[in-house]
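Please open the structure in your viewer and keep the selection tool at hand, as this tour moves from one residue to the next.

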Amino acid sequence: MRMVQGTFDDLGTPLSDVTFVVVDLETTGGSPSECGITEIGAVKVRGGEVLGEFQTFVNPGEPIPAFISVLTGITDAMVRDAPRVETALASFLDFAAGTVLVAHNAGFDIGFLKAACARAEREWPRFAVVDTVHLARQLISRDEAPNHRLASLARLFGATTTPDHRALHDARATVDVLHGLIARVGSLGVHSLEELRDYSRRVPPATRRKRHLADHLPEAPGVYLFKDGQGRVLYVGTSVSIRTRVRSYFTASEQRRRMAEMVRLAESVTPIVCETALEAEVRELRLIAEHKPRYNRRSRHPERAWWVKLTVEPFPRLSIVRKVADDDTRYIGPFASRGSADDAVAAVHEIVPLRQCLDRLSATTSRQRSACALADMGRCGAPCVGGQSAQEYAEVVAEAVALLAGDARPAATTWRERMDRLADQERFEDAGVVRDRMLSLVRGASRAQRLDPLSRTAELVAARRADTGGWELMCIRHGRLAGSSVSPRGADPMPYVEALRASAEHVATPLPPATAALPEESERILRWLDAPGVRIVDIDGTWTCPVGGATGLRHELEPVEASRRSTPGFRSA
């Protein structure tokens, strides 16, 4: 099994590795904005072991009310020579740096510390915070303790220090309460800091009870399938750690309403361990296309693709079709929607005078008809009424072919000039229409120009350094991932390459530019091949892309489009 270094969110931080600083404050009152701190006490712990303690009186700069002195035993005389809050706060922040803060009723203590930072013109370090009151409310019933006050919980867990409204004593008692609460959630499967913090938030009991579905899942990269009681797939996802990711669906970190509904219906989770991240992505796409899970919003119908082609006839025109046929003509796409394909066709018609009528014209056209309005506007040579011969019209078709499959830069210049003229006339919506049509065409032509060589390549073997030191190996046949594997660190990768080729899936030859895979799968493969560090080991085919083609133009235009869309007030036509 291949080990993959996951992200912090995927793998979590084991509680035994977390350094906690349990803090308690004594103050002159209950308002952080109006009252001051009189004492700070803190205990630093990790893995159940005390690493250090911190205690200081603080001069609040105001008299301590009598009832506070009675409650805490702290008098004006005791704090007269103590440091002011700016100095005490700096010492405490140094002590707590890089740790997780814990407090009983953390809102009170953290509120005072943040207010002190603001008065001292210091930035609050944004500590992760655990509140033992919130945890206790989830875990301790009234049968065990009359309330969730620190004194009651200290008695319940047999704390070695009795809380008495002195900061360090109360912090020591809170340490024992924290350890008692951690022991309880540990029996419920909570073993990381992220899970501990989520546990104290609002999670419906029905959702929390489903946590057992993740108990026997592997800590490995791959795909997971949530299924209902009838075995129907509800949702498909991927992660570098299947078990950790699935467990997150049963915590407060999962905020999506539809996912909460999915979890209520789920009765089992099926894991599929994958050798590489690309294999996991591809398997996810294929499983979503196969099962069409109701809770997957993206990629549920990847087979629904549209193509734009030049028809095969003496006077070709552009046509929108669902599949690539064996007719030896030019195709661009695939497009995700019919609307995008329509926009691409309109973009071609903006600068190339192809005919737009739907009639099938023979080489010897009849003149017993009237030319359409496009001919009067100079946007069509009217071959339908004999205005152009087949040879003359072939020159127009060659111009269209160059735009679809060759150098797109001259066309881009024409589009830009047209948009500039419209903008100068303050016809901004019309300029936006031209821009959107141009982008649709460029994207469709770019896909075809990139997918075509991949489709024609019988086999491509590529490699990239794995996180573990070996090599990720991919065998791609006609644009489909036929197999993947990983060679161990220090091993000669070539025997693993040969084994991969021998065991890879047989893939039938498709009709270019369509590949033998779903369009999105081939797009994912192309992105992986373009990633830094990927090396082509062997190829049975030709890996080319036209100079000045749509791909370069797409890379130039899409960042500009993204910046426009992020501008306040931008509105797409």
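Begin by selecting serine 484 in this predicted model, and display its surroundings: leaving aside residues up to four places away in sequence, serine 484 touches Glu275, Thr276, Glu279, Leu473, Met474 and Leu500. Serine 484 belongs to strand β14, which covers residues 480–487, and its relative accessibility is 14%, so it counts as buried.

Next, select arginine 184 and glutamate 144, whose side chains meet in a salt bridge (2.5 Å, N to O). Arginine 184 sits in helix α8 (residues 167–186), while glutamate 144 is in the loop between α6 and α7, so the pair ties together parts that are 40 residues apart in sequence.

Move on to lysine 309 and aspartate 327, another side-chain pair joined by a salt bridge (2.5 Å, N to O). Here lysine 309 lies in strand β9 and aspartate 327 in the loop between β10 and β11, 18 residues apart, and both residues are buried.

Then select arginine 355 and glutamate 313, which form a salt bridge with their closest N and O atoms 3.1 Å apart; both are buried.

Finally, turn to cysteine 357 and ask how far its sulfur is from the closest cysteine sulfur. That closest sulfur belongs to cysteine 384 and is 5.2 Å away, which is too far for a bond, and the structure as a whole holds 0 disulfides.

Conventions
Residues numbered from 1 in each chain as written. Predicted model: local features only at pLDDT ≥ 70, side-chain atom pairs only at ≥ 80, totals over all residues. Heavy atoms only, no water. Helix = DSSP H or I, 4+ residues; strand = E, 2+ residues; numbered from the N terminus. Buried < 20%, exposed > 50% of the residue type's maximum accessible area, 1.4 Å probe, protein only. Contact = heavy atoms within 4.5 Å. Disulfide = S-S within 2.5 Å. Salt bridge = Lys/Arg side-chain N within 4 Å of Asp/Glu carboxyl O.
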